[in-house]
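Hello,

Here is the structure I promised to pass on.

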Amino acid sequence: MKKMLAGFIMDGKSGGIDRYLLNFIETVHEQTRVDLLTNEIDPDLEKQLEKYHTRLFAIANLKHPLSQYRQVRKILREGGYDAVYLNISTAIDCIAAIASKHEKIPVRILHSHSSGNDCESGLKRNLFNFIHKICRCFLYRYATKYCGCSVRAGEWMFPEKIVRSGRFEVIFNAVDREKYRYDEAVRQEVRGELGLGGHFVVGHAGNFCYQKNHFFLLDVFEEICKKQPDAVLLLAGDGVRFEAVKEKVREKGLESSVRMLGRRPDVGRLYQAMDVFVLPSNFEGLPIAGIEAQSAGLPCFMSSRITEESRITENCRFLPLETGAEEWAQEILGVQGERKAAVFLKNADDYDLASQKRQLLSLAENI
C-alpha cells in the first residue's frame with residue numbers, strides 16, 4: 001500500500017481544509033495510507049482516525065520554522081512515504097514543502113484552499129501579504145503537482161505559468177447536494193423551533209473572522225430592517241470575532257432580530273428555514289457554505305471578491321462590497337418569494353461528491 005503524508009489539520013471540525021482532508025482519507029484509505037501533520041494532537045480526532053490507520057504527527061508551528069523543518073524531515077525519513085500532500089492557505093506555509101524536496105520525496109503536491117490572508121489586524125495582514133508574495137515566488141519550485149479549490153485559489157498561490165499548465169488541477173469543494181435539497185416540511189419544522197413564524201429570514205454560516213466580513217453583513221441587515229422591520233438574521237458559526245459581532249449587534253439595537261446560533265451540526269436544516277443566504281466575504285478560495293446554500297435552493301448574494309466559479313444555480317448573484325450596505329439591502333429585499341428546489345447549472349455536477357471522489361482517487365492513484 002502506498003503511503004502519503006498530508007497536512008495540516010486542526011481538530012477535524014475547524015473549517016474547510018479539515019473537512020476536505022477527512023473526506024480525502026475516507027475516499028482513498030483502501031489504496032493509500034494517509035498520515036497527517038498537525039500543530040496539536042486532538043484526542044477525539046486521533047480516535048476518529050484509527051479506523052483508517054491514520055496517524056497524527058504534532059510539529060512546531062510557523063513561529064519556529066527551523067524546528068518544523070527538522071521535525072518534518074525526521075518524519076519523512078522514518079516513514080517511508082511515497083508522496084507529500086500539503087493543503088495550505090498561504091505560501092508562508094512553505095517549510096514542509098522544502099523539507100519534502102530535501103528528503104527527495106518523489107511526489108510533492110501543493111493544494112491551495114484560499115485567496116487571501118485571514119488576519120484580524122490590518123497591519124499584520126499587510127505584513128503577511130508581503131511575506132506571502134515573497135514565498136509565492138519560490139514555493140512552486142518545491143512541488144511536482146499543483147491543485148486549488150478554484151482557479152482564483154491557484155492564482156493566489158502559484159505563478160500564472162503554473163495555473164495555466166497541465167500540472168495544475170482544480171479539485172472542487174464538493175457537497176452531498178441531495179442532503180441539502182429543499183424540503184418544505186423541514187422548513188416549517190425549523191422555523192417553528194426557532195420561532196420565526198412569517199418573518200423574512202436572512203441567513204449566514206461561517207467562522208466569525210475577518211474573511212467572512214460579519215460587520216458589513218450587520219450593516220446590510222440594519223438597512224434591511226429599515227425597510228422590513230420584522231426581518232430576522234440567523235448567524236451560524238463561531239470564531240475570534242464572535243464576541244465583537246455580538247457587541248456590534250447590541251450597539252445597533254438589533255438584539256431582538258439577530259440570532260447568534262453558535263457552531264451547529266445541523267446547518268443543512270437551518271438553510272431550509274432561511275429565505276435568502278448572504279456571504280459578503282473579503283476573500284474565499286471557494287466557499288463550501290455557498291455551494292450548500294445554493295443546493296438548498298436559496299437565493300444567494302455573495303461578494304464579487306468570491307470567484308464566480310462558485311455559482312451553480314441561476315439564483316446566485318455577486319455584488320461589489322464597494323456599492324455599500326444600502327444597495328445590498330435593496331437587492332436582497334427584491335428576491336422575496338416562495339422557496340423552491342434548486343435548478344442547477346451544468347457546472348453543478350463538478351461540485352457533487354461523486355465527481356470529487358473520482359478526482360481524489362485519481363490523485364491517490366498517481367502517486
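**Gln356 and its contacts**

The side chains of Gln356 and Asn23 make a polar contact at 2.4 Å; a polar contact is a pair of N or O atoms within 3.5 Å, where within protein one must be able to donate a hydrogen and the other to accept it, and residues adjacent in sequence count only if both atoms are side-chain atoms. A polar atom of the Gln356 side chain also lies 2.8 Å from the backbone oxygen of Phe172. Gln356 belongs to helix H14, residues 353–365 (helices are DSSP runs of H or I with at least four residues, strands are runs of E with at least two, and both are numbered from the N terminus). With a relative accessible area of 3%, Gln356 is buried (buried means under 20%, exposed over 50% and partly exposed in between, with a 1.4 Å probe and protein chains only).

Before you read on, please note that this is a predicted model, in which local features need pLDDT of at least 70, side-chain atom pairs count only at pLDDT 80 or more, and totals for chains, interfaces and linings use all residues. Residues are numbered from 1 along each chain as its sequence is written, and side-chain values use heavy atoms, with hydrogens and water left out.

**Strand and loops**

Val278 sits in strand E11 (residues 276–279) and is buried at 1% relative accessibility. Its C-alpha atom is 8.7 Å from that of Gly290, twelve residues apart along the chain.

The peptide bond from Gly7 to Phe8 is cis, with omega near 0 degrees, and Phe8 falls in the loop between strand E1 (2–7) and helix H1 (16–28). His53 is not a glycine, yet has a positive phi of about 60 degrees; His53 lies in the loop between helix H2 (43–49) and strand E3 (56–58) and is exposed, with a relative accessible area of 59%. Lys104, also a residue other than glycine, has a positive phi near 60 degrees. Lys104 is in the loop between helix H4 (95–102) and strand E5 (107–112), exposed at a relative accessible area of 71%.

**Charges over rings**

Lys3 lies over the face of Tyr81, 4.8 Å from the ring centre, and Lys101 over the face of Tyr142, at 5.5 Å. Here a charge sits over a ring if NZ of Lys or CZ of Arg is within 6 Å of the ring centre and within 35 degrees of the ring normal.

Best wishes
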